[in-house]
Amino acid sequence: MSMNSQPDQPLDHYRRGFLKKLGLVGGAAAATTLPAVGKPAWGGSTLGDAVGDFFQSHYNRMDPEEIEAALGRIQRRAKERQGVEIEVANTAPIPGVVFGYAINISKCKGYRRCVTACVEENNQGRDSQVQYIRVLQMDKGGMDLETSEHYYDPETVPVDGKFYLPVQCQQCDDPPCVKACPVEATWMEPDGIVVIDYNWCIGCRYCMAACPYWARHFNWSEPQIPAEELNPVTHYLGNRPRPRGVVEKCTFCIQRTRLGRQPACQEACPTGARVFGNLLDPDSEIRYVLENKTVFRLKEDLGTEPKFWYYTDV
Amino acid sequence: MFKRMLERKPGGVVDFVLSAVGRLLHGRWFYWLWLALLLGVIGNGGFHYIGQLRYGLMITGLSDQISWGFYIANFAFLVGIATSAVLLVIPAYIFHRQEMKDVVLLGEAVAVAAVITAMTFVMVDLGRPERFWHMIPGIGEFNFPVSLLSWDVLVLSGYLLLNLLIPFYILYCHFQGREPSFRAYFPWVLLAMFWAISIHTVTAFLFSANPARPFWHTALLGPRFIASAFVSGPALMIVALQIIRAVTRYPVSQKVVRMLALIMTVALQISLFFVIAELFTDFYNEGSHSASSRYLFFGLDGHAALRPWVWSALGLNLFAVLILMINPLRENMFFLNLACLLAFTGIWIEKGMALVVPGFIPTPLGEVADYAPTSAELMISGGIWAMGLLVFTLLAKMAIPIELAQRDRHAKPIAGAAATI
């Protein structure tokens, strides 16, 4: 099976294009010739929406009316900027549900289907190439992350002598990123998902420094997504279009899983390596894995209590 | 009642503020040239910052891999400069040494300028600076006491207030020609002393709080920060005091310079000892905790962007400590100034780029990448430094004539001493 090819240095790739554009910012004389980014004036919103965005309160402090107004602004903005009708839900957590994930690394062959499915589902910027999942190509015989290959690009996978370790947000039960945030813009929901209010994040990136799993990504520029690729089914705390200058991360596909569906990465996996479900349901598959397989967690010694496990068939 | 407060009575608060601000409008040609120069650099930085607001932090060399860089490096360093004002405060207010009292207000002006500069560096590092109000308790959500960043905001704001209010009170009293009441200001001075240590400790804890980053996650970081602050602060103040001595008739005793030089010598020795302790722990048994140090000092997987920086820092600091440890050289102003320049630069690298950046390399998933500031980042940073110098210049310009007038009242008037600076 062929893999999804990735450039060797995705960062270099997008920075180069950008710097070319920025070459204009050389001196004062060039100021008037700067190209406009996105739609002009208020970033594609009406003045009223821009003011509403500015004064928008913290997610957990808004009453239902204010939430409705906030969702409306996001929908109008997508319409204004890209002409796409999107639906922004605010589905509440399901009582009695705490989500957990397990990956069978014997089955993972490194196809990275999960990575692309995630990008398509979660509306990450296509130019910035933000990916919530990183599949590490590891040397058999060890678990040393430092010798792992992040940008592996052979003709076919799996490569002899290698195994594959997909890493994404581990949805820690004691998340260091949540402690780090100075404005409580990120927190753990009752269903165990660590979420971000993209309208409250100030972009200090302290959470990125605190995360031991490199799960958090920053919008260094306005995320660009072609209108036809925009996933219109979104959630306020999940895959709705993000503004520039804020941090984002995997939310276990909150827009799907709170409706009882599986995350996009789980559905996309061609080998069935991924098991996702309710940790509080004794009959769930995830509980079966935890009770019957020898599982381990990444960097367990840091005490972050990930709700993300790995196991093997043998 | 409010109207009466704002009336301009001779010796009143309004009169005090107006006359202090009025001093800013009088100066010789080099004062205006200096201001013009600073404003030019600030303007240039501002222009590039507009570019950053327009395009996002994309214009920096930062990435998801190395998400803090030059801005935060300067921030960490400048908090150290602010802390070291305490070195003048303790001898002046606690031991009542007159020559220290003469310059303590200048030390506090350095602290004010350094805190404002440090905070500005954090502001320009924010992805959404217009959401700054989210951090204000009451209208925002201030994650105190859990987030170390909220601690940092709190201690820096408090320190800024203390270092504005204490000098304001003392200068106001001197303006009125009376001695400040010891009982009125001493408790605040005492608080400011402990507060000074706290700002740099909290800044160190901001980094060392992260087990995700083994390079920062060491108990030695706090002590290292304080020790190196007591190198860079005195180095800056020794040079600043000499400049003030040259361009004004403000009394700067050589005793002050000597004391600062001595503190700097000891602090630099301790600071270098800490570096050795870190190097030993990292490299005697090299494990994954040493990967960042290996990257920093020797390079990792073909990446070694910081290697020239850190070896320069080490070389500069070693050269400086050699000069400082030889008494005749330390007493010689040329060599002392040279040592100040070397150590200031050395610590700026050590506690800046060589501390912040390697914490991110390799990433927690083992990826190795390099970071270098872009020219826009350097221009914006230059503008912020110039703003700090401007703040200090203006504060000193306001304070010095008041202090000189107070001295003249106590001493015999010096013939032809017009308070022109």
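**Helix packing, a mixed sheet and a chain contact**

Biologist: At what angle do helix α4 and helix α6 of chain B pack?
Modeller: About 160 degrees, for α4 (residues 70-83) and α6 (residues 98-125) of chain B. Their axes are 8 Å apart. This is a predicted model, so read every value as computed from it.

Biologist: Which residues of α4(B) and α6(B) make the contact?
Modeller: From α4(B): B:Y71, B:I72, B:N74, B:F75, B:L78, B:V79, B:I81 and B:A82. From α6(B), the list includes B:V110, B:A114, B:F121 and B:D125.

Biologist: How do the residues of that contact of α4(B) with α6(B) divide by class?
Modeller: 15 are nonpolar, 2 are polar and 1 is charged.

Biologist: Next pair. How far apart are the axes of α8 and α9 in chain B?
Modeller: 8 Å. Helix α8 (residues 182-208) and helix α9 (residues 221-247) of chain B pack at about 135 degrees. That makes α8(B) and α9(B) oblique to each other. The crossing is right-handed.

Biologist: Which residues of α8(B) and α9(B) meet?
Modeller: On the α8(B) side, B:I197, B:H200, B:T201, B:T203, B:A204, B:F205, B:F207 and B:S208. They meet B:L221, B:G222, B:F225, B:I226 and B:A229 of α9(B). By class, the contact of α8(B) with α9(B) has 8 nonpolar, 5 polar and no charged residues.

Biologist: What about α10 and α12 of chain B, at what angle do they cross?
Modeller: Roughly 135 degrees. The helices are α10 (residues 254-283) and α12 (residues 307-325) of chain B, and their axes come within 10 Å. So α10(B) and α12(B) are oblique to each other. α10(B) passes α12(B) in a left-handed crossing.

Biologist: Who makes the contact between α10(B) and α12(B), which residues?
Modeller: B:A261, B:M264, B:T265, B:L268, B:Q269 and B:L272 come from α10(B). B:N317, B:A320, B:V321, B:L324 and B:M325 come from α12(B). The residues of this α10(B)-α12(B) contact are 8 nonpolar and 3 polar, with no charged.

Biologist: Over to chain A. In what order do the 4 strands of the open sheet stand?
Modeller: β10-β2-β12-β11, with mixed pairing. β10 (274-278) and β11 (295-296) of chain A stand at the edges. Each has a single partner strand, so one side of each is left without a neighbour in the sheet.

Biologist: Which helix packs on the sheet in chain A?
Modeller: α10 (residues 285-292) of chain A. This helix touches β2 (99-104), β10, β11 and β12 of chain A. Its direction makes about 110 degrees with that of β10(A).

Biologist: Where does the mix come from? Do β2(A) and β12(A) pair in the parallel or the antiparallel sense?
Modeller: Parallel, over 4 bridges. β11(A) and β12(A) (residues 308-311) pair in the antiparallel sense over 2 bridges.

Biologist: What is the bridge partner of A:N104 in β12(A)?
Modeller: A:Y311. A:Y311 is also the bridge partner of A:V295.

Biologist: How many residues of chain B are in contact with chain A?
Modeller: 41, and they touch 45 residues of chain A. On the chain B side, α3 (29-55) and α7 (148-175) are the elements that give two or more residues. α3(B) has the largest share, 4 residues. By class, the side of chain B that touches chain A has 19 nonpolar, 14 polar and 8 charged residues.

Biologist: Last one. What pLDDT does chain A average?
Modeller: 89, and 86% of the residues score at least 70. Over residues 1-40 of chain A the pLDDT is below 50. That stretch has 40 contacts in the model beyond near neighbours in sequence. Where pLDDT is low, the predicted coordinates should not be read in detail.

Note on methods:
Residues are numbered from 1 along each chain as its sequence is written. Chains are lettered from A and ligands numbered from 1 in the order in which they are written. This is a predicted model: local features need pLDDT of at least 70, side-chain atom pairs count only at pLDDT 80 or more; totals for chains, interfaces and linings use all residues. Two strands pair if DSSP finds at least two bridges between them. Two residues are in contact if their C-beta atoms, placed from the backbone, lie within 7 Å. Axes are lines fitted to C-alpha atoms, for helices over the stretch in contact, and angles run from 0 to 180 degrees between N-to-C directions. Ala, Val, Leu, Ile, Met, Phe, Trp, Tyr, Cys and Pro count as nonpolar, Asp, Glu, Lys and Arg as charged, and the others, Gly among them, as polar. Angles under 35 degrees count as roughly parallel, over 145 as roughly antiparallel, 65 to 115 as roughly perpendicular and the rest as oblique. A crossing is left-handed if the near helix is turned anticlockwise from the far one by less than a right angle, and right-handed if clockwise. pLDDT is the predictor's confidence in each residue, from 0 to 100.
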